[in-house]
Amino acid sequence: MVFHKINLTVNDEYEEMVVPSNMTLLQMLREKMALTGTKNGCSAGECGACTVLMNGEPVNSCMVLAVECNAATIITVEGLARDNQLDPVQEAVIEAGGVQCGFCTPGILMSSRALLNRNPDPDEKEIAEALVGNLCRCTGYARIIRAIKEAARMKPGTSALSATD
Amino acid sequence: MGRASDALIPRPIGESKLRIDGRDKAIGAALYTDDLQFGNALLHARIKRSPHPHALIKRIDVSKARALPGVKAVVTGQDFPGYIGLYLQDRQIFCRDRVRYVGDPVVGVAAISENIAEQALDLIDVDYEVLEPVLDPELGVSAQAPLIHPDLEKYAVVNFIFPEPGTNISNHFKIRKGDVDNAWDQCASIVERRYRIPHIQHVPLEPHIAVAKQDELGEVTLWGSSQSPFAQRNLIAQSLGLSQSEIRVVSPYVGGGFGSKAGVSMEALAVAIATRARGRPVKLRLTREEEFYTAFVRQGLVAHFKMGCDASGRLLAMENKFYWDGGAYTEYGVNITRAAGYSCTGPYEVPNVRGDSYCVYTNHPVGGPMRGFGMPEMHAGLEQCIDELSLQIGMDPVEFRRLNCLKTGSTLVTGGRMHAIGLLQCLEKVSEAIEWGSKAPPSTPTKRRGKGVAIMWKAPAMPPNAGSSAWVELAEDGQVNVGVGGQDMGQGSFTIAAQMAAAALGVPYESVRVAAPVDTRYSPYEWQTVASRLTWSMGNAVVSAARDVRRQVLQVAAEAWGETPEDLDIVNGTVISYKSEKETPLKNLGIYGLPKPDGRGWRGGPIIGRGSFMPSDVTGLDPETGQGEKAVVHYTTGAQAVELEVDLDTGRIEIIRGVGAFDVGRAINPEMVKAQMEGGFVQGVSSALYEHLQLKNGFVQNPSLVDYRIATAVDIPGELQSFIVEVPQDDGPWGARGIGEHSMVPTLPAIANAIYDAVGIRLEGPPFSAEKVFLAMLDAGIVK
Amino acid sequence: MSLDAHPGLPEFEYVKPETLAEASQFLAVHRGEARPFVGGTDVFVRMRDGVWSDKYLVDVKCLGDLNRIAFEPLRGLVIGAAVNMNRVIAFQAVREKYAVLAEAAESCASYQLRTRATIVGNICNASPAGDTIGACLLLDGILDVHGTDGMREEPLGSFFLGSGKTSLRPGDIVTSIRLPAPPKGLAGRYIKHGRNKISDLAIVGVTVVGCPRDDQASGYRIRLALASVAPVPLVVDEVEAILSNKKIDAKGIAEAAQAAMSACDPIDDVRGSTRYRRLMVRNLSIKALTDVWEQLRK
């Protein structure tokens with residue numbers, strides 16, 4: 001088995017890693033970097049629980065090899081909050097009651113953040129389409145969609161939740 | 001304890017507080033079982049499973065697997081003779097002489113990596129003698145069917161389940177009430193139908209996972225995604241010949257359960273392997289594919305309905321026969337069939353009933369509890385028959401239900417009386433909200449629009465002595481810690497526990513914490529997180545424990561102030577006297593007590609409140625007639641209505657809007673109650689339109705998310721309204737009863753009734769896929 | 001197949017050559033045990049399922065012009081093999097001049113998968129369900145292929161040999177697809193029918209393109225291709241014939257749709273039955289042809 005040396009930026013931190021060919025980005029994050037916020041729901045690119053931002057775009061990290069991430073910039077759910085303030089998508093989803101079991105939540109938040117980055121004022125149809133690759137079994141989606149619509153209007157730090165304890 | 005009083009509802013009862021665990025989940029800090037770190041002692045397990053639906057095991061050779069470098073343990077059924085099961089002990093941890101479904105565990109391997117364990121499976125040889133499988137429950141009951149459990153009569157079974165030895169019937173529940181045979185002659189109209197409800201799966205986003213470790217003393221620790229830590233402790237201990245206190249179960253956050261993580265399934269495999277791993281922890285995870293065919297699935301059902309009414313539309317008789325495709329092991333499924341049996345009339349008053357509910361062994365994946373516990377499967381056909389019957393006598397379906405549905409005091413199919421319920425109000429609310437009776441034109445000329453309604457009932461299905469307990473304590477800072485044994489799998493039980501403790505004690509919600517994760521070593525006992533029972537049962541225990549703390553606090557303060565507790569209160573975290581207007585914060589009091597009035601010594605000390613709740617008055621039901629005074633603790637009832645369109649070109653169904661109303665007694669947290677109603681509705685829509693675990697010759701044809709479709713964000717109705725009806729439950733906390741399951745029950749038949757309204761066809765069973773709807777319309781001549 | 005899915009990817013070697021020549025050489029030398037990949041969305045799934053078990057996965061993403069998408073008025077649109085679907089959808093020239101390709105790409109999977117999936121990857125897998133292949137065929141796509149003896153062109157029309165089989169040889173790497181400059185007045189429509197509203201694999205996919213043509217009796221050239229109903233993506237030539245030689249009307253469209261139905265050869269599988277697929281070919285062809293006809297008439 002050949003190992004590859006890679007360097008990459010994860011949540012604003014520069015990292016050097018050594019990974020085997022068949023390790024996915026998801027496995028590297030969870031097993032080698034203690035970033036367990038990103039979840040494994042299917043390992044087949046279908047459920048979206050493993051969604052992270054790679055070079056600004058959402059990907060299923062179970063469908064990306066770790067070795068492909070050399071020189072990449074990765075953001076996971078742990079990197080969403082900035083300077084102790086929750087990202088508006090996090091605040092909004094909590095306030096709207098869009099979190100139940102929470103397993104889909106990190107992936108949903110990453111897809112939503114990416115959506116608002118490329119489309120700052122999406123309508124509900126656009127939000128739903130952007131989230132079609134993030135399965136949720138608990139909420140029925142409506143609260144999440146309303147939350148993202150609300151998040152588009154929010155400035156970071158405007159909700160009571162934003163400061164960490 | 002929980003006597004309902006409308007007089008004063010203390011805050012924060014009835015307030016939509018934000019989830020206690022919402023922030024943790026949204027920042028990725030909430031730990032699920034696969035997130036726990038065990039260091040490099042951790043071993044990874046994989047299971048070698050049966051490739052046949054039914055076969056005898058002739059020979060197992062694990063020698064090559066054992067020799068693979070990195071493999072640390074290999075176990076087979078030879079090492080574990082014990083049986084395991086919740087209501088019927090028909091299952092062994094690993095198969096010993098026979099495999100009964102494709103996926104049945106035969107060998108367990110633990111290795112230093114998941115990949116090595118997986119490679120080891122290919123080095124294991126198993127010789128089978130293939131047997132004829134049973135693939136249909138109606139064929140399964142025939143005398144010619146091969147016996148899947150020849151030793152059925154030897155299995156330990158609870159006293160309310162009735163297996164028929166020498167057959168594949170692991171439970172037969174009967175209702176014999178009135179005189180059905182003569183009642184048909186008095187019926188002006190009769191409907192007789194068969195419905196086939198296929199298997200579906202829960203699809204929790206987090207697949208099953210367990211980590212187990214046995215230490216040098218033989219004590220076991222099991223970490224897992226579990227709805228039932230205490231039940232797992234109990235059942236696994238019994239099976240391994242340990243005592244309950246020798247097993248500790250810890251369950252971190254659960255990424256969705258819906259029933260699949262109740263009881264015991266794959267967790268026992270992890271424990272068994274761990275007993276041979278020389279003290280190292282062993283992690284077993286199911287792949288998503290394994291989740292589909294080796295975790296619990298929802299049983300299939302073949303249901304025969306016959307029902308009749310008189311000329312005025314009053315139901316006179318029902319004769320309903322259910323053949324449940326229970327799968328290879330029905331240790332849990334037997335109770336589903338019982339619950340369907342004692343609910344077999346649906347939420348209606350029917351004087352003459354013959355009901356037979358058979359749980360049948362088949363060589364299919366293992367049927368287990370899924371949201372609704374038999375109610376969605378049963379109502380699927382029953383509520384369609386009700387519609388058919390009403391239309392047959394020329395009566396509006398809502399009017400028919402108004403006339404026949406259960407009301408306070410109605411006689412139940414099991415003979416007792418219905419407690420106070422708001423089912424009629426639920427029905428009225430949804431028909432008003434959906435604008436029943438009016439029809440909007442379709443959105444395009446190639447679509448047809450329809451409306452449908454359905455009502456439901458469900459009781460918590462559990463043993464008559466399923467108990468809850470709770471403790472409450474205070475810290476020096478005045479914050480409250482609540483210990484519970486019930487799990488929060490997303491439905492919000494921790495939040496509710498905190499709200500109820502806050503209300504009963506007199507402190508702000510924000511100052512209450514819940515002692516999670518549930519850990520059987522420290523948490524108080526809870527039977528299981530199932531049956532929509534926590535708000536009611538665990539709630540009663542929490543309230544009791546909080547009130548116990550309140551009593552002790554007021555006692556200490558009264559003694560310290562020379563007053564009587566009746567003049568004191570705790571308001572917003574401060575102990576106050578209405579008489580002297582003295583006050584003191586809860587800080588320190590709960591640990592150090594208060595000084596005596598004369599300054600010589602202290603009173604009080606560390607305060608712990610305890611609470612316990614167990615139903616006391618559920619009577620049995622007669623095994624021959626199914627009659628009994630009190631069959632269940634209570635019922636939650638409700639209704640849903642949908643408006644949809646059928647695309648004549650493709651058969652695709654689009655849900656335009658949905659409405660639900662459920663009588664929850666008291667909504668402790670209204671937004672969370674509505675969230676359950678919404679989530680259940682969408683899961684109901686998904687089960688109606690897309691979901692189908694396709695079985696062929698015992699093999700699941702679509703064990704992946706590619707081909708087992710569930711609703712996505714784009715598939716939800718354009719509009720969904722949820723109404724809360726509150727007719728208090730007399731023994732629930734402030735009148736509350738459960739809601740978690742009920743919103744998935746009437747959705748499918750409401751959709752089916754709406755499809756009939758739109759295009760005049762009914763299908764024998766779901767899913768109402770575009771293909772099935774289109775071909776049915778084609779065969780009926782509605783389209784070409 | 002899915003019953004044997006492994007928890008993770010099997011062992012393999014990741015190889016990242018520096019040049020196209022090196023890549024082709026490696027693939028040829030290791031024929032039968034090496035595979036080029038770009039987005040990986042098909043490869044990883046099939047390897048996990050045990051369907052493919054290549055010893056080497058050769059990452060060609062960063063080679064040559066594979067990352068380039070460009071439009072020139074004479075050459076047309078060139079989409080590098082590594083350009084992901086989201087980039088194609090967002091590219092201005094695609095939206096303005098090849099709208100049907102954007103529509104087809106948008107119907108694929110999810111935004112996350114489209115960040116990795118590529119048009120060329122779709123084509124090389126030759127999956128009969130590929131959403132964008134129909135548009136590429138009807139727009140007369142030409143593949144640029146780099147092999148052990150250098151560059152060559154392969155017209156898409158003759159590229160597909162059977163389900164999952166193409167005319168590629170060991171050592172071949174498709175570097176881009178070129179869609180010639182579109183005819184004036186091009187109109188198009190892709191209708192995908194899956195089990196969910198979107199995001200599913202196609203049970204049936206119908207692509208139609210049309211444009212005004214003086215040399216046709218009807219005044220228009222209209223072509224139709226089908227996905228998921230034959231071993232290869234299927235261009236139905238009769239549709240073009242029927243709609244070229246007489247005035248186009250609803251009757252003609254129905255006749256063309258009937259021809260599409262007769263031409264297809266769908267299987268029965270867990271996603272849909274033969275009977276249903278045939279009828280959907282007919283109904284969705286009528287829809288797509290009518291839609292394009294209405295676009296052309298404006």
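Student: Which residues of H10(B) meet which ones in H17(B)?
Tutor: On the H10(B) side they are B:Pro376, B:His379, B:Ala380, B:Glu383, B:Gln384 and B:Asp387, and they meet B:Leu748, B:Pro749, B:Ala752, B:Asn753 and B:Tyr756 of H17(B). Keep in mind that this is a predicted model.

Student: How do the residues of that contact of H10(B) with H17(B) divide into nonpolar, polar and charged?
Tutor: The contact of H10(B) with H17(B) has 6 nonpolar residues, 3 polar and 2 charged.

Student: Why do the residues point the same way at steps of three or four places?
Tutor: An α-helix makes a turn every 3.6 residues, so residues three or four places apart face the same way.

Student: And where do the axes of H10 and H17 of chain B come, and at what angle do they cross?
Tutor: Helix H10 (residues 375–392) and helix H17 (residues 747–759) of chain B have axes that come within 8 Å and cross at roughly 30°.

Student: Is the crossing of H10(B) and H17(B) right-handed or left-handed?
Tutor: Right-handed, for H10(B) passing H17(B).

Student: Staying in chain B, which residues of helix H3 are buried?
Tutor: In H3 (residues 114–122) of chain B, the buried ones are B:Glu114, B:Asn115, B:Ala117, B:Gln119 and B:Ala120.

Student: What do those buried residues of H3(B) pack against?
Tutor: They pack against four elements of chain B: strand E1 (43–49), helix H2 (63–67), strand E3 (71–76) and strand E7 (105–111).

Student: Zooming out, how many helices and strands does chain B have?
Tutor: Chain B comes to 18 helices and 33 strands. Its C-alpha atoms fill a box of roughly 95 × 70 × 50 Å along the principal axes.

Student: What does the radius of gyration of chain B agree with?
Tutor: A compact globule. For 784 residues such a globule would come out near 28 Å, and chain B has 27 Å, so the two agree. Buried residues make up 64% of chain B. Of the contacts in chain B with a separation of 6 or more, 79% involve residues 24 or more positions apart.

Student: What does the domain assignment give for chain B?
Tutor: Domain 1 is 22–30 + 466–613, domain 2 is 39–131 + 207–254 + 261–286, and domain 3 is 300–462 + 620–779.

Student: What separates the centres of domain 2 and domain 3 of chain B?
Tutor: Over C-alpha atoms, 37 Å lie between those centres. The contact takes 16 residues from domain 2 of chain B and 16 residues from domain 3 of chain B. The side of domain 2 that touches domain 3 in chain B divides into 7 nonpolar, 5 polar and 4 charged residues.

Student: OK, chain A. How many helices and strands there?
Tutor: Chain A has 5 helices and 5 strands, which run β-β-α-β-β-β-α-α-α-α from the N terminus on.

Student: And what does the radius of gyration of chain A agree with?
Tutor: With 165 residues, a compact globule would be near 15 Å; chain A has 16 Å, so that agrees. The C-alpha trace of chain A spans about 50 × 30 × 25 Å along its principal axes, and 63% of the residues in chain A are buried.

Student: Into which domains is chain A divided?
Tutor: Domain 1 (3–79) and domain 2 (88–153), whose C-alpha centres lie 21 Å apart.

Student: How many residues of domain 1 and domain 2 of chain A are in contact?
Tutor: It's 14 residues from domain 1 of chain A with 11 from domain 2 of chain A. On the domain 1 side, strand E3 (51–54) and strand E4 (57–60) of chain A each supply at least two residues, and E3(A) gives the most, with 3 residues.

Student: What about the contact of chain C with chain A, how many residues does it take from each?
Tutor: It takes 23 residues from chain C and 25 from chain A. Elements giving two or more residues to the chain C side are strand E1 (13–15), helix H2 (43–48) and helix H6 (111–114) of chain C. That side divides into 11 nonpolar, 7 polar and 5 charged residues.

Student: Last one: is C:Asp172 buried or exposed?
Tutor: Buried, because C:Asp172 has 21 C-beta neighbours inside 10 Å, and the cut-off for buried is 20 or more. C:Asp172 lies in the loop between strand E9 (165–166) and strand E10 (173–179) of chain C. Leaving out residues up to four places away in sequence, C:Asp172 touches C:Val145 and C:Gly147.

Conventions
Residues numbered from 1 in each chain as written. Chains lettered and ligands numbered in written order. Predicted model: local features only at pLDDT ≥ 70, side-chain atom pairs only at ≥ 80, totals over all residues. Contact = placed C-beta atoms within 7 Å. Nonpolar A, V, L, I, M, F, W, Y, C, P; charged D, E, K, R; others polar. Rg over C-alpha atoms; globule rule 2.2 N^0.38 Å. Buried ≥ 20, exposed ≤ 12 C-beta atoms within 10 Å, placed from the backbone. Axes fitted to C-alpha atoms, helices over the stretch in contact; angles between N-to-C directions. Left-handed = near helix turned anticlockwise from the far one by under 90°. Domains from an automatic or database assignment.
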